[in-house]
Amino acid sequence: MKPYRYERAEDISGAISALADEPEGAFLGGGTNIVDLMKLGVSTPDVLVDVRRLMSDDIEETEDGGVRIGAAVPNSDLAADPTIRTRYPALSEALLSGASGQLRNMATTGGNFLQRTRCVYFQDTTTPCNKREPGSGCSALDGYNKNHAILGSSEHCVATHPSDMAVAMAALDAFVVTHGPNGERRIPIEELHRLPGDEPERDTILEHGELITAVELPPMGFSSNSKYRKVRERASYAFALVSVAAAMDVEDGVVRDVRVALGGVAHKPWRATKVEEALRGEPVSEENFRAAAEIELSEAEPLSENAYKVPLARNVMVRTLSDLSGEGR
Amino acid sequence: MRQRLAGHSVPFLPPGMVSGFEFQEKHMFGDRQFAEGRMFAFPSHYLKGDGFMDAEITLRVDGEEHRLTVDTRTTILDALRESIGNTSPKKGCDHGQCGACTVLLDGRRVNSCLTLAVAHDGAEVTTSEGLSENGELHPMHRSFMEHDAFQCGYCTPGQIVSAVGMLDEVEAGWTSHATEDGENVSLSDEEIRERMSGNLCRCAAYANMLPAIKEVSDR
Amino acid sequence: MKAESAPTRERPKILPSNPGKIGESRPRADGVPKVRGEFEYSSDLRVDGMLWGATLRSPHPHANIWSIDTAEAEDMPGVYSVLTHEDVPGRKVYGMEVPDQPVLAWEHVRYEGEPIAVVAADHPETARRALEKIAVDYEILDPITDPAEALREDTPKLHLSGNVLKEVHIKHGDVEATADVVVSGEYEVGMQDQAFLGPESGMAVPDGRGGVDLFISTQWLHIDRDQIAESLDLPPEDVRLTLSGVGGAFGGREDLSMQIHSCMLALDAGRPVKMMYNREESFYGHVHRHPCKMEYEHGADREGNLVYVKARLVFDGGAYASSSNAVCLNAGTFACGPYDVPNARIDSYMLYTNNPPCGAMRGFGAVQVCFAHETQMDKLANKLGMNPVELRLKNAMKPGDKFPFGQTVPEPAPVAEILERVENMPMPEEEEIIGRDLRRLPGGVSNVTRGEGVKRGVGYAVGYKNIGFSAGFDDYSTASIALSVEDGEPIIYVHTAAAEVGQGGVTLQAQISRTELGVENVAVLPADTRIGSAGSTSASRQSYVTGGAVKMACEAVRGKVFERVREEFGDEFGGELSMEDGSVLAGNRRIVALAELLENGGIEETVVYRHKPTYPLDENGQGDAHFQFAFAAHRAVVEVDEELGLVRVVEIATAQDVGKIMNPQSLEGQIQGGVAQGLGLALLEEIQMKDGKVQNASFTDYLLPTILDMPPVRMEVLELADPDSPYGLKGVGEPPTISSTPAIVAALRDATGRELNRVPVKPEQLAGIEGEPIRRAPQPGSRGPVADDLGSEA
C-alpha cells in the first residue's frame with residue numbers, strides 16, 4: 001500500500017479545502033472499499049481526509065414528506081430504520097442483500113454510491129484496464145467477462161457498478177446532496193453515475209473534492225410498494241449477476257406509475273425508463289411486463305460470456321413487476 | 001520421561017498443572033516461547049524517508065488500553081496482530097471476503113482487515129480472546145465447543161465474535177434480509193444463517209454452528 | 001447411528017473434561033485455544049528479530065528467462081537476503097513423486113505464479129518492494145493450456161520427458177464387448193481450489209550450526225523434511241520440522257509452498273524468517289483439483305446388466321507433477337464406479353500444460369470420474385426406462401466380484417445397502433411452493449422468486465475410493481507411547497508426526513490411548529520430525545494408519561506393564577490381565593495401581609505400523625493396488641427456479657460405511673464438510689483460467705459455500721468392520737465429497753430436464769438462457785502485453 005497522510009478535518013468545509021490542493025487525495029468514509037483498493041494498489045491516494053465523523057448519521061423525515069439520510073449513516077442502520085423499511089422497502093432490501101453484516105456495519109450511505117467496479121481486471125494492477133489506467137486497454141472485452149455490462153458499455157470499458165443500494169436509490173428518484181469547492185448541489189441519482197464512454201476512469205460526475213453529505217428520498221406515494229430482487233450465484237455475500245429495484249402504483253389493474261432500475265448490467269445503476277414509459281397506463285399483465293422489459297433490453301450488447309444476462313434481466317424484471325402488481329402470487 | 005523430553009522446544013508447565021484436558025490444552029500445540037510477552041513492532045525507520053506516516057493512537061483492546069504508534073496504513077487487524085500481539089482475529093483474505101478477522105469495534109462487528117487503525121483512535125476493540133471474563137469461557141465459546149462447531153479452528157474466533165455481535169443486532173431489533181415483511185425479528189434457523197453468511201468456514205462446520213448459536217440466543 | 005442435520009443427539013456437556021474413549025463424542029482436545037483464538041497457527045508465530053520473506057512470481061504462464069538481476073533489491077536498506085536458483089545449495093528441483101518442480105525457476109517458467117526469487121527483509125512491505133526491484137528478462141512464449149493440445153505429437157514439449165506425465169490403461173475382460181443398449185457422453189469437471197482459510201505460512205529458525213528448524217502448517221512433516229534437506233544439501237537430521245497450527249488443508253498442503261524458501265532465507269540471513277502468503281498468493285501457492293474431460297460409453301443388456309464401460313479420461317496436470325501420477329491411477333481404477341462391470345477399457349491420461357500445477361484435493365481422482373460414471377448410469381436408466389436406483393442396485397458390486405483392475409472386492413462392500421438406505425430415508429417434507437415462507441425458496445433469502453417456475457428434483461449417486469496410499473507405496477506410521485507417573489498420577493504421552501489439520505486426529509489419538517491403557521490423563525505432544533514419519537494427513541488414512549500405530553504402541557506398552565506385573569506379583573491371577581482406571585486388573589480384581597507399579601520408571605514404546613501391502617498395476621492395469629475401500633451414497637433434493645437458474649439444495653441424505661464410529665461428533669463433521677465441498681463443486685467453485693492465467697484469485701470471485709448454502713444433511717452411518725483395520729474402522733473424510741456432487745447435479749437434471757454435463761453448473765445453464773453474444777470488433781491492444789518486471793502478486 002502506498003504511504004499516505006491521514007487527516008481529520010474540523011468540519012465539512014475544512015475537509016473540502018483539505019483536498020483542494022491535493023489532486024491525489026481522497027475522502028475516507030467507512031473505508032470498506034477504498035482500503036481494499038489501496039491494498040490492491042488500485043487506489044493510491046497520498047492524503048486521506050477522514051469525513052466519517054463530520055457528516056450526519058441521522059435519518060430524518062423532511063417537511064415535504066420525504067426522508068433525508070446523512071451520508072455517514074452506516075448501511076446496517078439505514079436498512080434497519082423503521083421508516084425506510086415501511087416506506088421504502090426496496091432500499092432496505094437492497095442494502096440487506098449486499099455484502100455481509102460486518103461490512104454493512106462499517107460502510108456508509110455516501111460511500112456506498114462511490115464503490116468502484118468489481119471487474120477483475122480493474123482490481124489486478126498487472127493487467128490493462130482503461131478505468132484504472134486510461135489508454136492501457138480493456139482486458140475484459142475479450143477476457144473473463146461473465147459479470148460485465150450488457151447495456152451502455154463502450155469499447156473502452158464494460159465494467160458494471162457493484163452497488164445494490166444505488167440501484168434502489170435510482171428507482172426511488174433519490175438525490176444526493178454534495179458539498180464541493182464550487183458549493184452545494186443536489187444531483188439526481190440517475191445523473192450521479194456516468195456511462196463509461198471514452199472516459200471510463202470517471203465513475204461519477206463529482207468533481208475532485210466534492211463530498212456527498214446527504215441523500216434525499218422525495219416523497220413517492222407508492223414507494224411503499226417497492227421491491228429489490230437480486231440474482232447471484234451464491235445465496236448471500238455475493239455481488240449481483242442482475243438485480244432489479246422497482247416501485248409500482250397500481251389501481252384497478254392498471255399501472256398508474258412505475259419506477260424500475262437494474263443493477264449488474266451497466267456502468268451505472270440503469271434506470272429502465274423505457275420499461276416505465278411502456279407500462280404507464282397499461283393494464284397489469286405478465287405479457288405487458290415482458291414486452292416492456294424486452295424493449296429496454298433490445299439495445300443490449302452482450303459479450304462473449306454474459307449473454308445470459310439479457311434473458312435473466314428480462315425474467316427478473318417480469319418477476320418483480322408481477323410481484324408488485326399483485327399478479328405474481 | 002522428563003529426560004526424553006529434554007531439549008524439546010515446547011516448555012513444560014509444572015507437574016501440578018498436569019491433568020487431562022487442561023494439560024493438553026496448554027501443551028499440545030505451537031511453541032509458546034514464541035508467544036509469551038514478546039512484542040514485535042514494525043521497524044519503520046527505513047521507510048520514513050519516502051513518505052511514511054506515523055500516528056499515535058490509543059486502542060482499548062479486550063479491556064486493556066494500548067498506546068500505539070502506527071503507520072497510517074495499519075489496519076486494526078494488523079495493529080492487533082503485529083503491534084499488540086493479539087493473534088485471535090485471523091487473516092484469511094485481508095479483503096473483507098471471509099470474516100476470519102471479525103472483531104467488535106465499539107460494540108459492533110466489523111472486518112478488522114478493512115478498518116484503518118488511525119481512523120479509530122480511542123476505540124474499544126473486542127476479540128474472541130477478550131470475550132472471556134475472569135478467565136471463564138464466554139457462553140458462545142462453550143457452545144461452540146459443545147456442539148463441535150469448528151474443525152481446523154482458523155475461522156472460529158471470527159465466527160464467535162460475529163455470532164456475539166449478531167445476537168446484539170437482533171436484540172436491537174435489526175431486521176435481516178431473511179426477515180419477512182413486517183415480521184418481528186426472531187431468531188429462526190434462516191435468520192441465523194443469513195446473518196452469519198459473512199463468515200466463511202471451509203471445513204463447513206456450519207451445521208453445528210447453527211445449534212451452537214441458537215443455544216446461546218435461547219438463554 | 002442415525003442423524004438428521006443437527007442437533008440430533010444429546011450433545012455432551014463438558015468442561016473441562018477429556019476426550020473420552022473411542023466411540024464417544026467429546027469436545028476437541030484443542031478446542032479451548034481454538035475458540036479463544038489462542039491456538040497458534042503458523043501465521044501467528046513470531047520471534048524477536050525475525051525477518052519476513054516474500055516471493056517473486058512469474059506473471060507469465062510460459063516464458064524463457066534470459067536474466068535475473070537482483071542487485072538493486074540487495075542494496076535496499078532492510079533487505080537481508082535475496083536468493084535465486086543459483087543459491088539453492090542442493091537439488092534444484094523438488095516434488096513428492098517426481099522431482100520436476102524448480103525450487104526457484106531458471107531458464108523457464110511454466111505457469112503463472114511460479115517462484116523465481118525470494119527475499120527476506122525486516123518488514124513485509126520492504127520485502128515486497130524489494131521484489132519490485134528485481135529485474136527479470138523474459139521471452140514470452142505461447143502457453144499450452146489445453147491438455148488435448150498438449151497430447152498431440154506436434155505440440156512443443158514442456159518437459160524433457162514429454163507432455164504426457166502419466167497414462168494408465170486398464171483392460172478388463174473383453175475390451176471389444178458389444179451390448180444392446182449403449183449410452184455415451186462427454187463430461188467435464190472444472191478446476192476446484194482447496195481454499196483452506198489459513199493461507200500458507202511458516203517460520204524457519206537457523207540453529208547457528210548450519211541446521212534449521214521449521215515451524216510449518218503442512219499435511220506431512222517428513223516428506224517436507226526430506227525434500228527440504230535434499231535441496232538444502234543437509235542431512236535430514238539437520239532439518240527439524242514442528243507442526244504449527246494448520247488452518248485447513250484438504251490436499252492443498254501436501255506439496256511444498258515456502259518450506260524450502262524460508263529455510264534458505266533463514267540460513268542465508270542467519271535470522272528467523274517468517275513467510276505468510278496472502279489470499280491471492282495462496283491461489284498461486286498450492287496445487288488445485290485437476291480439471292478433467294471424460295468421454296464415456298456404457299453398454300448394457302436390455303435388463304440393465306452392465307456389459308462394458310469404456311472411458312477416456314484426460315486430466316490437466318498443469319506445469320509440474322505434484323501427485324498427478326497417483327490421481328491418474330486412482331481415476332483409472334475407479335472410473336467404472338462401484339459396479340460389477342465384466343468388461344472395461346479405461347484410458348487415463350495426465351498431461352503437462354502451462355496451467356497451474358494440480359494435485360491432491362479431497363477425493364483425489366475419484367471425484368471427477370464419479371461425476372461422469374454416475375451421470376452415465378442415470379442416462380442408461382433413462383434409456384432403459386428403469387429407476388436409476390434400481391439400475392444401480394442391479395449392478396452394485398459385492399464382495400468377491402472383481403474390480404476392473406483385477407483386485408477382488410473385499411468384505412465389506414455394502415454398495416447395495418447404502419443405496420437402499422438413502423432411497424428409503426424419509427424425503428424432506430414437500431412444502432407447497434406457492435405461498436411458502438420465502439426464505440425457503442431457491443436463491444436463498446434474496447427472494448427473487450415467489451415460487452413461480454420452481455421445480456423440485458431428486459438425484460442419487462454412489463461412489464467409492466481407496467483409503468491410504470496404494471500401488472506398492474510403503475505406507476506406514478510411527479507412534480511412541482510413554483506411560484509414566486507424575487504427582488502420583490499415571491499419565492500417557494502420545495507422540496506421532498501426524499498432522500492435525502482440523503480432522504480431529506489429536507482427539508482420536510488421546511481416545512485410543514485412553515481406551516487401550518485405561519489411564520485418564522493423556523497428553524498428545526506436538527507433531528514433529530523427532531519421531532518417525534506418520535505419513536500424510538490425506539487419503540482419509542490417519543485414523544487407520546496413525547490410529548493403528550497408536551493402538552499398537554499402546555499394546556506394546558501394555559505388554560510391558562503386564563510383564564512387570566508378572567515379575568513383581570507372579571503370574572497366578574486367576575483371570576486375564578487388563579488395565580482400567582489407572583490400575584492393572586485380573587478379571588475384576590485390582591492387582592496394582594499404575595502409580596505404584598511405575599513409581600521407579602515409566603515405560604515407553606515406539607512402533608511402526610503398516611497396513612497390508614499393495615502392488616502396482618501391471619501393463620494391463622491389473623493388480624491388488626488398494627488395501628481398503630470406502631463407500632458412500634448420496635441423495636440430493638433440490639429446487640430450481642427455472643427462469644432465473646437459482647438453486648436451493650433442500651437436503652442431502654447420505655449413507656456411508658465407516659467400519660467403526662470412533663468419535664460420532666467428529667465423524668458427522670467430516671461428512672458435513674465433505675458434502676459442502678461437493679456442493680461447492682456442483683454449484684459454485686471454479687478457478688477461471690484464460691490463456692494460462694488465473695482470473696479469480698479472491699474470495700469475491702471464487703465463491704465458497706456459506707452457512708446459507710449448506711442444506712441439512714440427513715445421515716445414516718454403517719459400522720461394518722474391516723477385518724484388517726484397527727477397530728474395524730474405515731477412512732471417512734473423502735467419500736462425502738465424491739458422490740455428493742453428482743447427486744446434486746442429478747437432482748438438477750431431474751428438476752430441469754437439462755443435460756448438465758459440466759460442473760460447476762451455472763445459473764444460465766439451468767435456466768437455459770446461455771444466449772448468444774454480440775461480437776464486437778476486438779479493440780486493438782485490448783490484451784496488451786503485461787509489464788515484464790512486476791512483482792510478487794502476479
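1. How far apart do the C-alpha centres of domain 1 of chain B and domain 2 of chain B lie? They lie 22 Å apart. Chain B is divided into domain 1 (53-131) and domain 2 (139-218), with bounds that come from an automatic or database domain assignment.

2. A word on conventions: this is a predicted model, where local features need pLDDT of at least 70, side-chain atom pairs count only at pLDDT 80 or more, and totals for chains, interfaces and linings use all residues. Residues are numbered from 1 along each chain as its sequence is written, and chains are lettered from A and ligands numbered from 1 in the order in which they are written.

3. Back to the two domains of chain B. Their contact (C-beta atoms, placed from the backbone, within 7 Å) takes 18 residues from domain 1 and 16 residues from domain 2. On the domain 1 side, β3 (102-105), β4 (108-111) and α4 (128-131) of chain B each supply at least two residues; β3(B) has the largest share, 3 residues. Helices (H or I, at least four residues) and strands (E, at least two) are DSSP runs, numbered from the N terminus.

4. That domain 1 side has 7 nonpolar, 8 polar and 3 charged residues. Here Ala, Val, Leu, Ile, Met, Phe, Trp, Tyr, Cys and Pro count as nonpolar, Asp, Glu, Lys and Arg as charged, and the others, Gly among them, as polar.

5. Now the chain contact: 32 residues come from chain B and 27 residues from chain A. On the chain B side, β4, α6 (156-171) and α7 (189-195) give two or more residues, and β4(B) gives the most, with 4 residues. By class, this side divides into 10 nonpolar, 14 polar and 8 charged residues.
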